[in-house]
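Q: I would like to learn how to read pockets and a ligand site. Where do we start?

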Amino acid sequence: AAASAVEVGGVKIARDDVVKEDDPTNNVPDTIFSKIGLQLHRRDNHPLGILKNTIYDYFDKNFAGQFDKFDDLCPLVSVKQNFDDVLVPADHVSRSYNDTYYVDSQTVLRCHTSAHQAELLRDGHTHFLVTGDVYRRDSIDSTHYPVFHQMEGFRVFSPDDWLGSDMDGTAYAAADLKKTLEGLARHLFGDVQMRWVDTYFPFTNPSFELEIYFQDDWLEVLGCGVTEQEILKRNGRTDHVAWAFGLGLERLAMVLFDIPDIRLFWSNDKRFTSQFSEGKLGVKFKAFSKFPPCYKDMSFWINDAFTENNLCEVVRGIAGDLVEEVKLIDNFTNKKGMTSHCYRIAYRSMERSLTDEEINNLQLNVREAVKDKLNVELR
Ligand code: PHE
């Protein structure tokens, strides 16, 4: 059974204040509440803690301890902190109940560590790193999990920094940002293929993503850019410029430690946890055994409210970490205008073989829950 309360950074969080099944302004399930307070990034023998500490080392070495570090800030934040303070537009998709976990209409589980930029700036910090668990409703596959960990970096420059150069403040900050993050990537990976991609974030301009080549694919590992003036102005740093980045610790750790599935980070199995030790970055994970996946298909007529994220939440609510992937494999609309979706669910434990009986039961329960909670018509 889930604990009834947890404490994070001195803030006590009661289960009943976060999970409110009958409240339409709340969409936090127990599976999510049960992750709050675990703070995998604060375990020095866990891949995420090892990675965090290695990034700390890079900044300590290159910036003479100027970066202030935070890794215990409460993940429950206001809508203002998570969105308004970083200029996320009122109609941006990330604000939707489909993408973000809302505790009530004014409170969310932070969906990014950028939620802390404004308060730390106001508190006078000019160089800081914020590491924490972040929460996003999403679909299910080997690189997506509704709770993951980010590290935010932020650096403020004053006019003195760029006036001696031949660049304006923005160009100066952008150049420093890229240099700093390329240095970090080399510190972590040595030699790895990487590329910069132009992108958009509401809080930075220009904005970039860094991608790293992994398992035959380009993997997005961080977003970054030059902070919007408005954020600096509102928080006591008029006439300054700044850069910011937010990196996904799991994405980097999967590459560095050869961890094939994001669910493994949550495993308490000694065969996983004992493979990692403090200070040892990049020890390659040895799979204890490969258990076969089992695939089950289910088809239903969707309704207007249907979303894949809602489906995935229901599936995880029943199957927990035994579900590896939920994938749309067929989609058609009949003459009456009814749309049918067929999803293939992959079940696999990272720790043991599943029996046919267990999987059949899971699938039956998933079908029931999908029918009841999503009001779709099973076929
Ligand atoms: N908050 C962004 C995300 O979660 C990452 C980011 C941080 C981008 C800081 C730019 C600057 O995707």
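A: Start with the word pocket. On a 1 Å grid over the protein atoms alone, a pocket is an open set of points with protein on both sides within 12 Å along at least five of seven lines; lining residues have an atom within 4 Å of a point. Grid points are joined across faces, edges and corners, and a volume is the space filled by probe spheres set on the points. The second largest pocket here has a volume of about 700 Å³. Its lining has 25 residues, and the closest to its centre are Asn 27, Pro 29, Glu 313, Val 314 and Lys 373.

Q: What kind of model is this?
A: This is a predicted model: local features need pLDDT of at least 70, side-chain atom pairs count only at pLDDT 80 or more, and totals for chains, interfaces and linings use all residues. Residues are numbered from 1 along each chain as its sequence is written, and side-chain values use heavy atoms, with hydrogens and water left out.

Q: Which element gives the most to the lining of the second largest pocket?
A: Elements are DSSP runs, numbered from the N terminus: helices (H or I) have at least four residues, strands (E) at least two. H11 gives the most, with five residues.

Q: What is the volume of the largest pocket?
A: About 930 Å³. Of its 41 lining residues, the closest to the centre are Arg 136, Phe 148, Gln 150, Phe 201 and Glu 220.

Q: Where does the ligand sit?
A: A molecule sits in a pocket if more than half of its atoms lie within 2 Å of the pocket's grid points. The ligand sits in the largest pocket.

Q: How many residues surround the ligand?
A: Count a residue if one of its heavy atoms lies within 4 Å of the molecule. Here 13 residues surround the ligand; the closest are His 112, Ser 114, Arg 136, Gln 150 and Gly 246. E12 gives the largest share of this shell, three residues.

Q: How much of the ligand does the protein bury?
A: Accessible areas come from the Shrake-Rupley method with a 1.4 Å probe. Alone, the ligand exposes 320 Å², and the protein buries 91% of that.

Note on methods:
1 Å grid on protein atoms, 1.4 Å probe; cavity = no way out; pocket = protein on both sides within 12 Å on 5 of 7 lines; lining within 4 Å.
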